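Let's go through a structure together by asking what each label rests on. Each answer sets a value beside its cut-off and then draws the conclusion.

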Amino acid sequence: MNNALPKEFLWGGAVAAHQVEGGWDQGGKGLSIVDVLTSGAHGVERVITDQIEEGRRYANHEAVDFYHRYRDDIALFAEMGFKCFRTSIAWSRIFPQGDEAEPNEAGLRFYDDMFDELLRHGIEPVITLSHFEMPNHLVTQYGGWKSRTVLDCFVRFSEVVLRRYQHKVKYWMTFNEINNQRNWKVPLFGYCCSGVIYNQEPNPEECMYQVLHHQFVASAKVVSLGHEINPDLQIGCMLAMVPLYPYSCHPDDVMYAEIAMRERFLFGDVHMRGHYPAYIRKEWQRKGYQIVMEAGDEAILRAGCADYIGLSYYMSNAVRAHGAGTGTALSGFEGSVPNPHVQASEWGWQIDPVGLRYTLNLLYGRYEKPLFIVENGFGARDQKDERGEIDDDYRIAYLRAHIEQMKLAIVEDGVDVMGYTPWGCLDCVSFTTGEYSKRYGFIHVDKNDDGSGSFARSKKRSFDWYRQVIASNGETL
Ligand code: BGP
């Protein structure tokens with residue numbers, strides 16, 4: 001049996017613009033919704049009324065200063081042997097308000113320079129068009145993705161960057177973890193995906209489906225447009241994959257889990273098959289939802305199927321049909337209960353490497369399209385030892401176990417996996433907590449929740465470990 005991964009396997013790391021860049025008001029950048037998010041899951045309610053008060057600190061304003069330090073960071077990625085690097089483009093750098101006639105040249109130039117720097121080191125950029133942010137003006141003026149105007153603005157933004165970078169960037173994704181919106185009861189998820197605070201809407205769920213329709217159409221339009229601009233471009237969707245296991249073999253639990261998984265499959269189904277599946281049409285009918293669609297929308301969806309599925313995988317959950325709580329806010333879904341067979345991180349994320357192999361098989365079996373693991377990783381409060389070093393064996397153990405399962409999926413099961421980019425390869429601002437202290441990196445950044453720190457970079461123990469993993473194409477773990 002051939003145990004080797006494909007030679008062209010894309011090893012790398014992942015971040016997102018607003019979690020690393022900083023420089024929130026530089027180079028002509030406009031205000032993004034994340035620039036006025038106070039912090040984490042509980043700050044969302046305040047967004048609309050808050051002004052940026054003088055002296056107030058928002059972690060994203062500086063993030064880890066990648067905007068100024070990307071050359072040094074990319075040199076470190078190159079030292080680890082990265083073949084690719086996943087980040088996103090901040091929409092508000094390119095269209096500061098979102099609806100201008102002309103893009104901001106300084107913003108375009110920043111990404112030109114950053115991509116050139118990556119390519120100089122032989123690192124392929126992998127770019128998400130929308131990673132939990134949008135120009136704030138599109139929210140205050142149009143109500144975010146509820147509005148069809150925002151769909152048009154997004155397609156225009158996408159067209160500008162696809163054209164501009166078509167010879168520098170081959171791999172694209174449209175919306176990061178688009179299915180997180182289905183979890184709209186956690187306001188942060190809904191808001192960052194759409195600019196809508198769903199629980200302030202008269203019918204939050206119906207509104208969420210309307211928003212999603214706009215995003216599905218936008219995604220399909222962008223896929224078609226990208227292929228027109230340059231047929232070599234590969235444009236994927238991106239799903240947050242938390243597989244839901246039946247808590248027991250009771251048929252009710254099994255059926256409950258099957259139905260609960262539609263919260264993920266709906267997104268794969270529309271992106272990869274190009275139409276709404278029967279179960280969602282039935283749900284809308286049953287609930288009396290009227291999703292407004294324009295005449296050409298179905299044809300747009302059919303024509304714009306994504307080329308691959310990008311996915312994040314951090315954990316699995318178990319669900320029980322009867323007598324279950326609603327789980328914890330961030331790692332739990334309705335009906336979810338702790339799985340007694342796995343352990344959880346400090347934040348309740350249930351660690352399950354086998355779940356990655358299971359997930360890859362689920363997706364490949366259903367769609368038979370390439371998969372790209374664009375996020376996986378272990379968030380922890382790293383501590384420096386007496387020598388000032390970070391011995392993050394726990395992170396190595398997590399990543400090693402997941403890579404082993406990924407290899408089984410590829411080598412034993414024949415799943416087509418394009419690459420693997422662990423999340424937060426460079427320490428960055430946590431999405432769910434809005435803090436620095438939940439860290440994922442191979443590279444430590446000296447910056448703390450109280451604002452102290454010099455932004456200095458240093459290598460953790462996992463840095464050399466990952467370098468070896470890449471050098472051996474996954475043989476030395
Ligand atoms: C995913 C997001 C990322 C990222 C990651 C880790 O949901 O796509 O933006 O932050 O989760 O989450 P956190 O930073 O909250 O630990």
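Q: In this predicted model, in what order do the three strands of the open sheet with mixed pairing come?
A: The order is S6-S8-S9, and these three strands form an open sheet whose pairing is mixed.

Q: What makes S6 and S9 the edge strands?
A: Strand S6 (244–246) and strand S9 (336–337) each pair on one side only.

Q: Why do S8 and S9 count as paired?
A: Pairing takes at least two bridges between two strands. Strand S8 (residues 317–319) is joined to S9 by two bridges, so the pair meets that cut-off. The two strands run antiparallel, and Ala318 stands opposite Val337 in S9.

Q: What lies across S6 and S8?
A: Helix H10 (residues 251–260) does, running at about 165 degrees to S6. Angles go from 0 to 180 degrees between N-to-C directions.

Q: Why is strand S5 called largely enclosed by the rest of the structure?
A: A residue is buried if 20 or more other C-beta atoms lie within 10 Å of its own. In S5 (residues 234–240), six of the seven residues are buried, so the strand is largely enclosed by the rest of the structure.

Q: How do you know that S5 pairs with S4 and with S7?
A: Again, at least two bridges are needed. Strand S4 (residues 171–175) is joined to S5 by three bridges, and S5 and strand S7 (residues 309–312) pair over four bridges. S4 and S5 run parallel, and S5 and S7 also pair in the parallel sense. Trp172 has Ile235 in S5 as its bridge partner, while the bridge partner of Leu239 is Leu311 in S7.

Q: Which residues are closest to the ligand?
A: The closest are Glu177, Gly379, Ser430, Phe431 and Thr432, among 14 residues that surround the ligand. The shell divides into four nonpolar, seven polar and three charged residues.

Q: What is the mean pLDDT of the protein?
A: The mean is 92, and 93% of the residues reach 70 or more.

Q: Where is the pLDDT below 50?
A: Over residues 39–56 the pLDDT is below 50, and this stretch has 29 contacts in the model beyond near neighbours in sequence. Residues 326–331 also have pLDDT below 50, with 19 such contacts. Where pLDDT is low, the predicted coordinates should not be read in detail.

Key
Residues numbered from 1 in each chain as written. Predicted model: local features only at pLDDT ≥ 70, side-chain atom pairs only at ≥ 80, totals over all residues. Buried ≥ 20, exposed ≤ 12 C-beta atoms within 10 Å, placed from the backbone. Contact = placed C-beta atoms within 7 Å. pLDDT = per-residue confidence, 0-100. Near = placed C-beta within 6 Å. Nonpolar A, V, L, I, M, F, W, Y, C, P; charged D, E, K, R; others polar.
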